[in-house]
Amino acid sequence: MNRRDAIKRSFLVLGGTAVSTSVLSGLLVGCKSEPDVTFVGEFFDEAGVRSLSRVIDILIPKTDTPGALEAGVLEFLDGFANSFLPEEDQQKLRDGLAAMDTDSEARFGKSFNDASAEQQLELIQAYDQAAFGDTDAENPFEAKDFYPQIKESVCWAYCTSEKGAKEHLQFVFDPREYSGCVPIEEAGKGVTYVYP
């Protein structure tokens, strides 16, 4: 299943940004635990870059469309955090990455970066379920505030990037004409997005 097919069968909310766990696992097939990242962050240290790049790659991997890493989401989030976030929010971001390590240590006995690809995926799926699944259940994770915020930020940055907008979404800079009633197969790339 590719990402477009998964999104056709699920929902994407860009404000609360929720994707079901079953869809998430479908999106994540074939991910590596160490994405090829040579980026040196201004805000994030080396361990933070590794952790965040892995989370970004898990959330939106490269399939038949560019992944979030390829779209420059890591670089964007680093620059945004460095230049625009108040000090208090910067600290929350650092604390969130540290909380991921705490959760990984508690679950697997090793930091998030030292965990295997399968363990990293398992933790992200658990975060997703705890954050967006049964909302009445208590969230047991240290990173419970960090994960929903970083997921929303990754999706927002990806969908507003040039690669995300042009090669994944149906953005057309100058459509020239408006056809209000056409079969979906003829519109854009034949992709539907469901917004509740």
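Leaving aside its neighbours within four places in sequence, which residues is Tyr 127 in contact with? Contact here means heavy atoms within 4.5 Å. The partners of Tyr 127 are Ala 99, Met 100, Asp 103, Phe 141, Ala 143 and Tyr 147.

This is a predicted model, where local features need pLDDT of at least 70, side-chain atom pairs count only at pLDDT 80 or more, and totals for chains, interfaces and linings use all residues. Residues are numbered from 1 along each chain as its sequence is written, and side-chain values use heavy atoms, with hydrogens and water left out.

Tyr 127 is one of the buried residues of α6. Buried means under 20% relative accessible area, exposed over 50%, and partly exposed in between (1.4 Å probe, protein chains only). Other buried residues in α6 include Leu 123, Ile 124 and Ala 130. Helices are DSSP runs of H or I, at least four residues, numbered from the N terminus. Helix α6 covers residues 117-132, and its end C-alpha atoms are 22 Å apart.

Now the core. A nonpolar core is a set of buried Ala, Val, Leu, Ile, Met, Phe, Trp, Tyr and Cys residues joined through side-chain atoms within 4.5 Å. The largest has 38 residues, and Tyr 127 and Ile 124 are among those with the most contacts inside it. α3, α4, α5, α6 and α7 each supply at least two of its residues. The largest share, 8 residues, comes from α7.

Last, the cysteines. The structure holds 0 disulfides, a disulfide being a pair of cysteine sulfur atoms within 2.5 Å. For Cys 155, the nearest cysteine sulfur is that of Cys 159, 6.3 Å away. Cys 155 is buried at 7% relative accessible area. Cys 181 is exposed, at 76%.

Notes. Expected span 1.5 Å × (residues − 1).
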